[in-house]
Amino acid sequence: MFCWLSRLCGELSTPTRRTTQLIWSSAARSMVLSSQRIPELSSFVARTNTCGELRSSHLGQEVTLCGWIQFRRQNIFLVLRDFHGLVQVVIPQDESAASVKKILCEAPMESVVQVSGTVISRPPGQKNPKMPTGEIEIKVKTAKLLNSCKKLPFEIKDFMKKTETLRLQYRYLDLRSVQMQYNLRLRSQMVMKMREYLCNLHGFVDVETPTLFKRTPGGAKEFVIPSREPGKFYSLPQSPQQFKQLLMVGGLDRYFQVARCYRDEGSRPDRQPEFTQIDIEMSFVDQTGVQSLIEGLLQYSWPSDKDPLVVPFPSMPFAEALASYGTDKPDTRFGMKIVDISDMFRNTEVGFLQDALSKPQGTVKAICIRKGAKYLKRKDIESIRKFAADHFNECSLMGKLRLECADLLEARGVVLRDPALFSFLWVVDFPLFLPKEENPQELESAHHPFTAPHPSDIHLLYTEPHKVRSQHYDLVLNGNEIGGGSIRIHNSELQHYVLDTVLKEDVKLLSHLLQALDYGAPPHGGIALGLDRLMCLVTGAPSIRDVIAFPKSFRGHDLMSNAPDSIPPEELKPYHIQVSWPMDAETERAHR
Ligand code: ASP
């Protein structure tokens, strides 16, 4: 049986209540952590021990346990579960213990009970080596039904497949599963180590910034919150970007926050409307400084049951990422790079190749699928052709095709992307601006409008802004962007020029920031790591919703409480807003 704590912080030894020095084994991270306490898991509560911690070393001890009934066998054994593991309880059969037997035999599965008794050895031949507590069992003297459980909408046992909708509707039950317990506990532990690294080892200050804020120009769509002043709205921040820069002006120097961010963009497997970032900003730092900090932070907080991280992480210019992988977030766990083979076909007579090469910037590119002929079936080749046709004209076509081919090969049993491999990569030398998708004549920031230009390209800002490289860096893990940041503009005039002249934004919205930059703003830079995505990759979960306790559905709904919900018109009055119902909803309401 899986035992959380042993996976998370090593096997607990007895006595459990002691302070120990954990020495992390590998040479790469050969640092002795400050004396770490093994947590006291039963302090302040109505149990003496957890179900998962009992071993032969506890034999003869009188214990009180609280937990959920996981199984019952022939009214003789009961398996009790808590967050720490499972333990077998022997149901007394003698007349004098009839009331205890009645409680333990009648309580439905998943009821919560408290039992007190003695830790005894299992009879010879009945030990279960697969269970951490498999050498012992509890001889019960007293039992209490703490709360009975009604018929469940699904079984808690992990092998029971359940739909995500049902899991989200009964999230509090889904949280009892092995995987959710592991994911949330590992997340908590990694965040704790990050705090330790940032605050205790490197003097960062944890500062909370407001979530009721105002609209930020550019970037993601923001949620709006009505206020009691007619026509005035707060916005939920897409990130604490402005505040962290203002903290640098305020001399806070090294800031971090486990920050909740909001973007009104709907959910995807790797996105949801509210998410958490490890948000960081530092004064007097350059790109290398921020990168080294993040490498150290991830190395320090990396789960001890995984191979230690090797730093520094490799780096790749944006242009190379696009040319060789067809994306700005390359999955470098496998090759199959895109190669330009135009030169080989300059004198070709093949019509469609000639045609492609005669176009301005026309190229012929290829991906070599090693052993493709051996593994790919005719219908795979057909599906690649269809995929290419469906995504034709997207410039990221080759990148998508590379991943599609990898999927097909893996479906045929070729291991390309080792799930145990964590391939970190810095993508650097981004352009400062990119053409807007909807109007390529106009420019938008590749990262955000506060990003500083590359020092050697500043002059181009005034003549050929599209050619300016930036001091922006993204952190990619196994083909997913898990972080991004930049060195910031700390000169008010330059910031004004970028906002007003290049991006054509309303500078009034940012007058407070422009003003602050005029009052001795230090040079500064930072980064944000997407904690949900990082945890999703670390745990191997299929979606970020599996590492968030109460996530939203695909459509941004909380399926458990039914948020967002309607509000009676009289409660809307103080906000001076009225719902304008879409036609069919109006008809439906009229008929109610
Ligand atoms: N605020 C940025 C973001 O959320 C990160 C940064 O530049 O520090 O992507």
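Okay, so before anything else: helices here are DSSP runs of H or I with at least four residues, strands are DSSP runs of E with at least two, and both are numbered from the N terminus. With that in hand, D331 is in the loop between helix 8 and strand 14, and I'll come back to it.

Some housekeeping. This is a predicted model, so local features need pLDDT of at least 70, side-chain atom pairs count only at pLDDT 80 or more, and totals for chains, interfaces and linings use all residues. Residues are numbered from 1 along each chain as its sequence is written, and side-chain values use heavy atoms, with hydrogens and water left out.

The protein has 17 helices and 21 strands, and its C-alpha trace spans about 95 × 70 × 65 Å along the principal axes. Of its 592 residues, 47% count as buried, where buried means under 20% relative accessible area, exposed is over 50%, and partly exposed is in between, using a 1.4 Å probe and protein chains only. If you take the contacts with a separation of 6 or more, 64% of them come from residues 24 or more positions apart; contact means heavy atoms within 4.5 Å.

What order do the eight strands of the open sheet take? Reading across, you get 8-11-12-21-20-19-16-13, and the pairing is mixed. At the edges sit strand 8 (205-206) and strand 13 (315-317), each pairing on one side only. For pairing, DSSP has to find at least two bridges between two strands. Strand 20, residues 480-487, and strand 21, residues 524-530, run antiparallel and are joined by five bridges. Within that pair, S486 is opposite G526 in strand 21.

So what packs on this sheet? Helix 7, residues 287-301, does, and it touches strand 12 (274-283), strand 16 (424-428), strand 19 (472-477), strand 20 and strand 21. The direction of helix 7 makes about 35° with that of strand 21. For those angles, axes are lines fitted to C-alpha atoms, for helices over the stretch in contact, and the angles run from 0 to 180 degrees between N-to-C directions. Helix 8, residues 318-325, lies across strand 13 and strand 16, at about 85° to strand 13.

Next, helix 12, residues 397-411. From first C-alpha to last, its 15 residues reach 21 Å, close to the 21 Å expected at 1.5 Å a residue; the expected span is 1.5 Å times one less than the number of residues. Its buried residues include L397, M398, R402, E404 and L409. And what covers the buried residues of helix 12? Among the covering elements are helix 8, strand 14 (338-340), strand 15 (365-367), helix 10 (372-375) and helix 11 (378-390). Just past the end of helix 12, G413 has a positive phi of about 95°.

Back to D331, as promised. Buried or exposed? D331 counts as buried because its relative accessibility is 4%. Leaving out residues up to four places away in sequence, D331 touches Y325, R402, R417, N478 and G479, and R402 is one of the buried residues of helix 12. The side chains of D331 and R333 make a polar contact of 2.7 Å; that term means a pair of N or O atoms within 3.5 Å, where within protein one must be able to donate a hydrogen and the other to accept it, and residues adjacent in sequence count only if both atoms are side-chain atoms.

On to the ligand. There are 13 residues around it, and the closest are Q241, K244, H447, H448 and R488; near here means one heavy atom of the residue within 4 Å. K244 has a polar side-chain atom 2.6 Å from a ligand oxygen atom. For H447, a side-chain N or O atom is 2.8 Å from an oxygen atom of the ligand, and for R263 a polar side-chain atom is 3.2 Å from one.

Last stop, two arginines. R171 is in helix 4, residues 171-174, and is buried, with a relative accessible area of 2%. R167, in helix 3, residues 164-169, also counts as buried, at 15% relative accessibility. Again skipping residues up to four places away in sequence, R171 touches M180 and D546, among others, and R167 touches F154, K162, D174, M180 and D546.
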